[in-house]
Amino acid sequence: MGDSEYILEADGLHKSFGSGQVAEHVLRGLDLRIRRGEFLAVMGPSGCGKSTLLHLLGLMSGTDEGTIVIDGLNTTGLGETGRAELRRRKIGFVFQRFNLISVLNGYDNIALSLRIRGMDTSRTGELLEAMGVKAVAHKKPSQMSIGQQQRLAVARAIAHKPDILLADEPTGSLDSENAEALLELLTRANRQDGQTIVMITHSDAVTEAAGRVVHMKDGKITNENP
Ligand SMILES: Nc1ncnc2c1ncn2[C@@H]1O[C@H](COP(=O)(O)OP(=O)(O)OP(=O)(O)O)[C@@H](O)[C@H]1O
Ligand SMILES: [Mg+2]
């Protein structure tokens with residue numbers, strides 16, 4: 001572990017899609033610092049660049065400009081292998097579109113995530129239980145409801161107890177009861193295991209659980225004040 005107060009530091013991030021006339025400048029010099037053990041909610045209107053930001057923070061795609069420092073390590077010079085390694089070791093990611101492995105059933109989606117990190121898979125059943133998807137764990141994602149897929153995706157992201165959990169609207173497809181159960185689980189991961197959580201959300205229930213809420217506008221964080 002690095003000794004910086006911040007586990008994630010983004011400085012001057014720029015990201016565009018397309019080029020020429022149709023270029024879309026989505027992130028425009030965005031700064032964001034996230035303390036170790038923080039539970040941060042990120043809000044903003046549809047299309048403002050929340051998922052784009054989360055993908056950059058999770059090293060899923062590269063920045064056009066700016067730096068991302070994770071646990072004291074500047075990721076700018078890292079090649080794809082270095083980024084993948086850092087992601088595997090430190091980051092859990094819940095995608096807005098889940099990205100579950102379609103040919104594997106629920107159980108194996110989680111077990112594989114542990115196995116590729118050389119971790120014991122014995123926690124798999126317990127995780128499925130905690131997320132309320134044990135009864136459908138024999139099914140492939142396409143045979144599950146959207147809410148079940150979402151809970152499975154969260155179970156997969158937290159299975160290896162990552163230092164940083166990046167979650168893109170993880171309660172978006174859940175009813176209020178399941179959303180509450182999910183928030184409870186994440187709050188516990190945050191308080192007991194000290195996991196840092198960065199969560200995109202449109203929900204007031206989530207922002208109540210979070211320790212800090214920031215908003216995105218015009219490609220920047222408007223109220224960055226850690
Ligand atoms: N791979 C891509 N190629 C081209 N344009 C993209 C790509 N990804 C995102 N964009 C564009 O960037 C903008 C921001 O997209 P992003 O997915 O980050 O928004 P968002 O804030 O997460 O929205 P939502 O709340 O609807 O999920 C959008 O206008 C989108 O069309
Ligand atoms: Mg999004």
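Helix H1 (50-57) gives the most to the shell around ligand 1, with three residues. The model is predicted: local features need pLDDT of at least 70, side-chain atom pairs count only at pLDDT 80 or more, and totals for chains, interfaces and linings use all residues. Residues are numbered from 1 along each chain as its sequence is written, while chains are lettered from A and ligands numbered from 1 in the order in which they are written.

**Ligand shell**

Ligand 1 is surrounded by 13 residues. A residue is near the ligand if its C-beta atom, placed from the backbone, lies within 6 Å of it. Phe17, Ser46, Lys50, Ser51 and Thr52 are the closest. Strand E2 (24-35) and helix H1 (50-57) are the elements that give two or more residues to this shell. Helices (H or I, at least four residues) and strands (E, at least two) are DSSP runs, numbered from the N terminus.

**Residue classes**

Ala, Val, Leu, Ile, Met, Phe, Trp, Tyr, Cys and Pro count as nonpolar; Asp, Glu, Lys and Arg count as charged; the others, Gly among them, count as polar.

| Site | Nonpolar | Polar | Charged |
|---|---|---|---|
| Shell around ligand 1 | three residues | eight residues | two residues |
| Contact of H5 with H6 | four residues | two residues | one residue |

**Helices H5 and H6**

The axes of H5 (residues 146-158) and H6 (residues 176-192) come within 12 Å and cross at roughly 5°. That makes H5 roughly parallel to H6 (angles under 35 degrees). Axes are lines fitted to C-alpha atoms, for helices over the stretch in contact, and angles run from 0 to 180 degrees between N-to-C directions. From H5, Gly147, Arg151, Val154 and Ile158 meet Asn178, Leu182 and Ala189 of H6. Two residues are in contact if their C-beta atoms, placed from the backbone, lie within 7 Å.

**Leucine 30**

Leucine 30 sits in strand E2. Leucine 30 is buried, with 24 other C-beta atoms within 10 Å; the cut-off for buried is 20 or more. Not counting residues up to four places away in sequence, leucine 30 touches Ala10, Leu13, Leu53, Gly219, Lys220 and Ile221. Glutamate 126 lies 96 residues from leucine 30 in sequence and 39 Å away in space, C-alpha to C-alpha.

**Whole protein**

The protein has seven helices and 10 strands. Its C-alpha trace spans about 50 × 35 × 35 Å along the principal axes. Of the 226 residues, 40% count as buried. Among contacts with a separation of 6 or more, 69% come from residues 24 or more positions apart.

Notes: Angles under 35 degrees count as roughly parallel, over 145 as roughly antiparallel, 65 to 115 as roughly perpendicular and the rest as oblique. A residue is buried if 20 or more other C-beta atoms lie within 10 Å of its own, exposed if 12 or fewer, and partly exposed in between; C-beta atoms are placed from the backbone.
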